[in-house]
Amino acid sequence: MKKEWWQQKVAYQIYPKSFLDTKGNGIGDLRGIIEKLDYLRELGIGIVWISPCYLSPLADQGYDIADYYRIDPRFGSNEDMDELIREAKKRDIAIVLDLVVNHCSDEHSWFQKAIADPDGPYADYFFFEEGVDGHEPNNWRSYFGGSAWEKIPGSDRYYLHLFHKKQPDLNWENPKLREEIYRMINWWLDKGIAGFRIDAILNIKKVFPLRGHDFPPDREDGMASCTNMIYAAKGIGDFLREMRDRTFRPHGAFTVGEVFNETEEQIPEFIGPDGYFSSMFDFRSNIFGRSGKGWYDCRQITPDDYRDACFETQRLVGDIGFISTIIENHDEPRGVSRYIPPEELSKRSKKFLGTMQLMLRGLPFLYQGQEIGMENIKLHSIEEVDDISTLDEYQISLQAGLSEEEALRSVNRFSRDNARTPMQWSDGENAGFTKGKPWLPLNPNYKEINVEAEERDPDSVLRYYRKLIALRSDPEYKDSIVYGDFEPFMQEESRLMAFYRRGEKNCLLVLGNFRKEEREIELPVDVRAVLLSNVDQSEIRGRRIRLEGYQALILAVSEPGKTGLS
């Protein structure tokens, strides 16, 4: 594998609306990110991905872009972004922006020109179709519920929106549209950003003809999920290859794709030596147990399920390329609330989960607040919800026969608002996030879980994450942690997550007791050194180790050779 500058980094996602407000209007901004660059450097962060901060009506919290070249005044100015890029570079932090090019906002000038003249050139930037027998062109359901088609006012035509109706899909079949996108990408790269996280990219390739192209209904509404289109469409590689060659590759840019449900055969195409992207996210544990019926029918992931999902990705990717690991992001609930049973959630189990993520092979992406162990918020009423997907799933639960209380409990588990509550900086007014009224309610536990408190506590989750990230860059061990081979250890043992990381100089063994009860393990190798543990004292007697509940232990060991263990 070719070694790249970004592979040895740890990345950090910022959701700007919820990170730090410097204006007192309850909304985070770019100057708030600038203020916290030293905090990020001390944490050990080398890449910062900023979720969309472009001009937007915020129908989908910035993923509906009205002007790709302009920072939304709510978040600051283009000059603020220029300063952020400069100040980040001084601290050896690379800035990565969100690239949202499956769709734009219905307030974008392209769309406004298109609906003003449905027969004009800008109409071909989108998908305009006549209805069928007085209804929508086909039966596709959007990701946020309801038809993926919206009537164009004063017309007998509809436009396609796989997401919110204020997010019309862009027509990548149109070379003029593609040229506009490539011009915009190169403009940002020329300004000095390091690359992009690429949003919802598998949706850009449609199946044709659109009109009358129904899929078998999968719910009582007679519609079918628009994800069917992803599996039916052919030729997306032509678009992705062209975009890479016209933009990313000439700039040496880092790119990480939001890619779901990829097949084993597609992995080299996406992230191999000649892949479309530098990396892509591992969503295997995030999508575990999903149901086509809706969130209410999703199966709860167990510790063994989580381990096996992570290990399966490691097996499939191997040395083909570099995966990006996550436990949470802006679209997912908090990882510690999802993967740790509620009755077992503690500082130690939070450190355990962080250890497992950062010691897997790949580029770790932390999400803001993960490093202090932020948790899901408890919703008491659907009136508290902002997220459009949560509101839709709540209605789906009610239609399935759940009571209001049951429906609320079901959406509580997966609501995107869980990750979007304001960052908890202190136990002061509004958790130190704003002097105004926060745009989204704070998690009441900010009095205990906050950066200031964890800075003072030598046993905090934050202090542990700093040690964990520092270990990844230790000259003695970084070859093993960043590039070393991955090999599961004792995977047949229930609620044990353990694996080797074998580099050219060192062999490491990561042991994780994924339960609250202690256990003893007999190792097939000799322990050379304890590199890190989330427990003060580790009981090691020769090759026998006693692991306390949720203990995570990173060991330098002798080469295992042929152990016979899977």
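The model is predicted: local features need pLDDT of at least 70, side-chain atom pairs count only at pLDDT 80 or more, and totals for chains, interfaces and linings use all residues. Residues are numbered from 1 along each chain as its sequence is written, and side-chain values use heavy atoms, leaving out hydrogens and water.

**Nonpolar cores**

- A nonpolar core is a set of buried Ala, Val, Leu, Ile, Met, Phe, Trp, Tyr and Cys residues joined through side-chain atoms within 4.5 Å; buried means under 20% relative accessible area (1.4 Å probe, protein chains only).
- The largest nonpolar core has 138 residues, of which Tyr12, Trp172 and Phe196 touch the most other members.
- Another core, of 18 residues, lies apart from it and includes Leu160, Phe163, Val207 and Ala233.
- In soluble globular proteins, nonpolar side chains tend to be buried together.

**Phe196**

- Leaving aside residues up to four places away in sequence, Phe196 touches Tyr54, Trp188 and Phe248, among others; contact means heavy atoms within 4.5 Å.

**Helix α4**

- Helices (H or I, at least four residues) and strands (E, at least two) are DSSP runs, numbered from the N terminus.
- Helix α4 spans residues 109–116, and its residues Trp110, Phe111 and Ala114 are buried.
- Seen down the axis of α4, these buried residues fall within an arc of 90° and so line one face of the helix; the arc is that of the directions from the helix axis to the C-beta atoms.
- The cover over the buried residues of α4 includes β4 (67–71), β6 (128–130), β9 (157–160) and α5 (175–190).

**Largest pocket**

- A pocket is an open set of points on a 1 Å grid over the protein atoms alone, where a 1.4 Å probe fits, with protein on both sides within 12 Å along at least five of seven lines; lining residues have an atom within 4 Å of a point.
- The largest pocket has a volume of about 1200 Å³, where volume is the space filled by probe spheres set on the points, joined across faces, edges and corners.
- Of its 44 lining residues, Tyr143, Thr227, Phe260, Arg290 and Trp295 are the closest to the centre of the pocket.
- Helix α12 gives the most to this lining, with 4 residues.

Terms used: Buried < 20%, exposed > 50% of the residue type's maximum accessible area, 1.4 Å probe, protein only.
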